[in-house]
Amino acid sequence: MKMQRRLNIATIILSIIAGGLLYIKITDYYQLSNVWVDLPDASLKNYILRLWILAGALILSDLVWFYLRSKDLDFKTWSGFGFLIVVLLGCIFQFTQTPNYKNYHETPYAISATTVEKRINAKSFDPYKDFPIYFYRKTDSTYKGVHHQIRQFSLEQQNDIPSIDLATLEKKLGKKRYAVVLKNAKINSNSAFFMKYYDDNGDAHRITFNNLQDSENLNKAFKFMTDH
């Protein structure tokens, strides 16, 4: 009886541990995926599927224990306890395999050429719609480095940044309209931030940060966005 009592206590403790680990990870999945995940892939779907399978296995293990808890120790009892150990190990393994949810978040995100044209050429300023726009040229040698830094800044600020490739902008608008947009936005480089903002007096202004491959210019743009 003493061995049976010890086994019951161990089963309860291990079940609580496994249940706690699953609760944390399942809760994290739904909370964080709701914030960061734009399009889950097979890996992420399989991750939450494995968590629910483990949850089902844990419930099954507890039901088996509940049925056998007062019976004499035999092969079934030890098999049920062994099954719980396997489930617990699975929970621990999944606990250490937490996906990086931010990797599934698209930022900077693409916006259409016509949207860019309207925002740049519009004289009015809507602080709820006129977010900073990141212009880039994907074929530029500095694109990857600059894009990575902007993505990290966007994720840290939890503020998505709209963007457009200059080549796409020219292709969709045509050379004349493209030239007008660049002139109005004062863009003269392959990477730039265009922003509209209100000053302390409530007056609307525009500002452009060109040559973002220059870390000084990029940091100035980040500071300006943080302050405004």
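Visitor: How many helices and strands does the protein chain have?
Guide: Welcome! This is a predicted model, where local features need pLDDT of at least 70, side-chain atom pairs count only at pLDDT 80 or more, and totals for chains, interfaces and linings use all residues. Residues are numbered from 1 along each chain as its sequence is written, and side-chain values use heavy atoms, with hydrogens and water left out. Helices (H or I, at least four residues) and strands (E, at least two) are DSSP runs, numbered from the N terminus. From that end, the elements run α-α-α-β-α-β-α-β-α-α-β-β-α, and the protein chain has eight helices and five strands.

Visitor: What radius of gyration does the protein chain have, against that of a compact globule?
Guide: The radius is taken over C-alpha atoms, and the globule rule is 2.2 Å times the number of residues to the power 0.38. Along its principal axes, the C-alpha trace spans about 85 × 40 × 30 Å. A compact globule of 228 residues would come near 17 Å, but the protein chain has 28 Å.

Visitor: How are helix 6 and helix 7 oriented to each other?
Guide: Axes are lines fitted to C-alpha atoms, for helices over the stretch in contact, with angles from 0 to 180 degrees between N-to-C directions. Those of helix 6 (residues 166-173) and helix 7 (residues 175-185) come within 6 Å and cross at roughly 130 degrees. Angles under 35 degrees count as roughly parallel, over 145 as roughly antiparallel, 65 to 115 as roughly perpendicular and the rest as oblique. Helix 6 and helix 7 are therefore oblique.

Visitor: Which residues of helix 7 make the contact with helix 6?
Guide: Contact means heavy atoms within 4.5 Å. Helix 6 brings Leu166, Leu169, Glu170 and Leu173, and helix 7 answers with Lys175, Arg177, Tyr178, Val181 and Leu182.

Visitor: Which residues of helix 4 are buried?
Guide: Buried means under 20% relative accessible area, exposed over 50%, and partly exposed in between (1.4 Å probe, protein chains only). The buried residues of helix 4 pack against several elements, including strand 2 (133-136), helix 6 and helix 7. In helix 4 (residues 113-121) they are Ala113, Val116, Glu117, Arg119 and Ile120.

Visitor: Is arginine 151 buried or exposed?
Guide: Arginine 151 sits in helix 5 (residues 143-157). Not counting residues up to four places away in sequence, arginine 151 touches Lys102, Asn103, His105, Glu106, Thr107 and Pro108. With a relative accessible area of 15%, arginine 151 is buried.
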